[in-house]
Amino acid sequence: MELVLFYISSAVALFATVFALTRSNAAHALIYLIVSLLAVAVIFFLLGAPFAAALEIVIYAGAIMVLFVFVIMMLNLGEEGEERERQRMHPAVWIGPALLSAILLVEMIIVLSKMSDQQTGALITAKQVGISLFGPYVLAVEIASMLLLAGLVGAYHVGRRFRLSEPDDQSAVVSGDDKQGGD
Amino acid sequence: MEGVVIPLNHVLIVAALLFVTGLAGLMFRRNVIFILMALEVMLNSAGLAFVAAGTAWAEADGQVIFMLILAVAAAEVSVGLGLVLQIQRRFKTLDMDQARRLHG
Amino acid sequence: MLQTVWLIPLLPFLSAVLLMVTAGRMPRPLVAMLGAGSVGLSAVVVLLFGMQFMQAPEPYTLTLWSWMRVGDFAPQFSFYIDQLTLVMMAVITGVGFLIHLYSTEFMEEDSDYSRYFAYMNMFVAAMLILVMADNLLLLFLGWEGVGVCSYLLVGFWYKDPANGAASRKAFVVTRVGDTAMALGLLLLFTELGTLQIQPMLDAANNTWVSGDTLPALAALLLLGGAVGKSAQLPLHTWLPDAMAGPTPVSALIHAATMVTAGVYLIARTHGLFLLAPDVLLLVALIGLVTLLLAAFTALNQHDIKRILAYSTISQIGYMFLALGVGAWSSGIFHLMTHAFFKALLFLGAGAVIHCLHHEHNIFKMGGLRSRLPVAFWSFLIGSAALAALPFTSGFFSKDPILISAFEYHGSIAGIGPWLWVGGLLGALLTAIYSFRLVFIVFFGEANTEPDRQPGWRMAGPLTLLCVLSLFGGWFALPLASVFPAESAHHPSMLIEGISISIPLLGVLVAWLVYYQRKVSVSRFTDSPTGNSLRQYWHSGWAMDDLYDNLLVKPFVGVSTLLRGEPVDKVYNGIVGVCQLVHRGLSESQTGKMRWYATSMVFGLIALITFLGWGI
Amino acid sequence: MILPNLILVLLVGGALAWWSERFDSSWPRLVALLVVLADLSYLLSSLTTVPLENFALVPVAADPASWLMSYQLNWIPRFGIRFELAMDGLSLVLIVLTLVLGAIAIVSSWTEDNQRQGFFQANILWTLAGVVGVFLAMDLFLFFLFWEVMLVPMYLLIAIWGHEGKAHASMKFFIFTQFSGLLMLVAIVVLAILQQQASGIWSFSYFDLLNTSMDSTVAGWLMLGFFIAFVVKLPGFPFHTWLPDAHTQAPTAGSVILAGILLKTGAYGLIRFTVPLFPEAALEFAPIAMMLGVAGIIYGAVLAFGQSDFKRLVAYSSVSHMGFVLLGVFAWNALALQGAVMQMVAHGFSTAALFMIAGALQQRMHTRDMNQMGGLWQQMPRMGAVALFFVLASLGMPGLGNFVAEFLVLLGLFQVNPWMTVVAALGLITAAIYSLIMMQRAFYGKPDDSRRLTDFGSLEMTAMAVMIIALVWLGMYPQPVLDLVQPVIDSLAVEVPLVAERGVSVGAVQ
């Protein structure tokens, strides 16, 4: 029974991802992506990793996707963006990457199919995860925190420069002088 | 509820499928937003593979690594989106092909 | 007195160095006194040395210092004096002094006065070293020194590039001979272990037997050197061009001394040549062919100095003939007498040119008999001796050569008479062209007026040389002990008569053709074949153009072809390949991020297939 | 302790000269000259302390006493690399030549107003230090170090003070030598490894590496590594193309040092390292090397004749003369080796002088093109006379050093391979051709009176006089140099038996 559930949710995840990446409208694509993440969360549940599924939903679907929403709204990619996206979809563009990823897929499947058939399904509770998290992996946690801090500072630093309104932003290193933009 | 018996290979194949789709998206989409989304998909599929392996070996390591992946993904997205704002302001478009000043 | 023999070459050498160092800052009379004086002084030393030497005539060796010593190759800087060397020294310093005295006036108004005497003195010093050298390496030093000085003196008036070309041609052609001689030296040392002449000849006699290939090869190589320096057949084309130098230079170098170096070398190493009879015969044949060829060419020249140049080649041909047929001492005797009358002729020509403001073409001269008496008499006596008219020194030296050529019975039986006939024909032609010169220049109507008369410093040496040319042949040279005994000559009266009468016949022919103008040869010379033959002879049997096309043009062509350094093209090729690869790689960096992602995927695929291959 | 001081004095002197520029721009050349002369006098005075019979002693590898002077200091004990210097007859002769030509190089650029005079003189002194180091180093690692030390300041000399094409020329010079140097480094390292495997201890010393046993193919390749490095430096035939460019663009002092001294390091390397370290491989390779030598002689001469650039012509003449050295070394008998060493010394003086003249001409006429010269003898008689002397020296006139050298080489070679000697002797003729054409096109011919040219000054004449005396002395009485080098050749004969002496029947000729 669960096997069927697993196959359904993975099919959903796959189709949602494909749709997410082929939409011309960014917002639609985002929604599909969120659906795909939720499907993956379901798979986590089926695998017996409830804590991971929760995290997936809270952080991945919740936090990261929301960031995306903010940015899309901020950049208000309206209809003209969508138009341009569509005329770029002619086959010459995606035939190359599609071919490449197909080859890669075939290779991975070959490699994976040779593996011994291990069975998943051992339930790992959040307590076990917590114990190992602060047991052998305590260093990893510290590093992760530093990484997040770096991400925070980076995002602040990079994002801050975005001053549409005040032209006399004295601290802006990247002030108006280099307007040459793309070559 | 306790773990349900799913063959690891199948989960890994799903992860591979997701990864490849993300990769293809990364390659042929021009819009930087879509590239970032494709990136997220690839990270997520990696996380899936880790968690699946973790549950297969009944070890918590898989999920710990998954958490690290989450941390990485979060940091990466925040900086990425910051950059997206810069690209928008600097190049007035989100098409990544315009931003190619660093060429040979 | 014997110990001071090293003074002889040292005096001219020192004066040469002094003149070079002061480089024209000394007053002219001092330069003249130094230049001519040093040679005169060394002539006196030679005289004194000769007198003391003749009392106890055995070879005298004086070692100054050991030149170098590597293993058993230890040439010494030492002199070896015997009768042959004495004769040569006497000729060089005696005739040399007269020529130096003559040139003090001849070069009077030349700007580079001291440079001229520096080179002349250096030449005399080098020639003396050549003649007095105890071993072949020191002889080679003198040999090359003489070649260099001849280069400097022929190209003395350096402002005209033609003189430069003539001097370079002289040096390079003689250098070809010198290289052959150097190879001969290498072979001799490798085989015999020493280069000291006398021990080397003894070693040659006991290690080799007559007719071996090695002595023949060594003799041939030495002959190459001799032929180069004495302007014989293969390497003779440089001498006529060497007339570009001042006339006294031609007198000293191209008549009396340098060109005889080859004869001296063969005479000095006669022991080696005796071990190779067929090479000796080759010497005779070269001599014969050269004397005929030069005689014909001299007949068609109209530059006074070129006629004398070709006559020098011809006379040296006689000396080679003499050496070839084994008449060693008569060869050397002819060398000495030739030095006298050829120097006389050259100096006479110099006087003519000097007084006719540098006119060379004999047809533009004429009737100088009354205007330049000194020149006329010196030319008359010189030509008489050259043509070997009876009782002149030329007769006493050329006649025995012809006789011994007649009685020659070397490796090819019965060639003697043919050599004799060739020699006679040469003598006839010599008489004709020498008196042709005399009649055209000194008789007939006057074309150009001489603007001055030769001073005492030119007339003095001329008269002295006239005396020597006339009576030089009377006393025999004491060379018996140096050379192997020659069989006594007892030619039949007929041969003797013919030898005497041929030169007179020649003079008669010249008289008829050029003085009386009775027998006009123009009918023959103007006909097409005659004219082309005359042109052919005039250009020295077209040897010059032969060498030009055969050697000079290919060398110049190759060097201009290779000027662009083909080997460099290889390295530039490598550089080109590197740049090509660089451009290709830089193209691959398009700056588009998606292209980088794709190339990463390529990498990934490659990696997996490579690693996957293993599973 | 004397040997390291020799190098130290030059290095410190260089820095001093550079520093002295602060006071006055004319000080550096004075300081440089004094430093070089001080170094020379220091060397000669320290020689007096060496007992006289040592000069005749055959330098045996084992005991340092048999060397004239030796010095040893542990540098990197881990790999057995020692700061080992030793001087024997051969290196003594070459070091004296280096210092004399160094002084002459400094004098040669006395009147040139180069900018940054201090750095210029410093580079000259450092090059000299590198070269002295090369001649003294007995540890292969140290030898390679000095090989590079000598290369860098020379590159700077050409790159900074060169003429119009200096960038290209200096780069080409540097890459040629550097690349071949790397081949040598690989050979040194492999040799050391083989030696370590055989004897168990690490050592880079020349004496230990001398008789390492290895199979012939490896020996062949290692020998080739050394051979190429040295033949590039001594411009052997196929690797010589850097020389003409480097010379035409180098400043006068630079080309005097480059031609006079740096080419000798290649020849020295061949004698000291290539043949003794790999005896069988070297002697088996000898015919090919001699072929290259002969090709170098003829090719250099033919190209020299075709040149219209004065300096380029003299550069090609160097290629031709150094062909004799290559012949002499690989004929490998006492006569040929003595000839090779003599050629190194004599060629050093004659080429240095010709380059000084070329430099002086360029400084006065601002061109090296011989077509624009002609008739210079009239306006500059002293330079003409001096040029004539050195042209005669370079074409090998007997009585001067070059002739003695070339005759010895040909004599030695004749005993080994007569036919090759005949071809090499052609070099004598072609040498005459290109030397005289140089004299004709520059100094003889129609003078162009519109030019105002100043003749040689007294300083330049003294420098020239030194070289004239040296060449005449080498030509007339070369015995001191021959005696100094003879023990070295005997010691080399111990490792690699000399080719049969005189008396070998000239079989090939029969």
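**View 1. Polar contacts link chain B and chain A.** Across the interface of chain B and chain A in this predicted model, 7 residue pairs are in polar contact, both partners at pLDDT 80 or more. A polar contact is a pair of N or O atoms within 3.5 Å; within protein, one must be able to donate a hydrogen and the other to accept it, and residues adjacent in sequence count only if both atoms are side-chain atoms. Helix H1 (8-28), helix H2 (32-57) and helix H3 (61-91) of chain B each supply at least two residues of the side that touches chain A. Helices, H or I, are DSSP runs of at least four residues, numbered from the N terminus. H3(B) gives the most to that side, with 26 residues.

**View 2. The area shared by chain B and chain A.** Together, chain B and chain A bury about 7600 Å², 77% of it on carbon and sulfur atoms. Buried area is the accessible area (1.4 Å probe) that two parts lose on being put together, summed over both.

**View 3. A closer look at helix H15 of chain D.** H15(D) covers residues 381-394, and 11 of its 14 residues are buried, meaning under 20% relative accessible area (1.4 Å probe, protein chains only). Among the buried residues are Met383(D), Phe389(D) and Phe390(D). Following the helix comes Gly396(D), with a positive phi near 85°.

**Notes for all views.** This is a predicted model, in which local features need pLDDT of at least 70, side-chain atom pairs count only at pLDDT 80 or more, and totals for chains, interfaces and linings use all residues. Residues are numbered from 1 along each chain as its sequence is written, chains are lettered from A and ligands numbered from 1 in the order in which they are written, and side-chain values use heavy atoms, leaving out hydrogens and water.

Technical notes. The expected span of a helix is 1.5 Å times one less than its number of residues. Buried means under 20% relative accessible area, exposed over 50%, partly exposed in between (1.4 Å probe, protein chains only).
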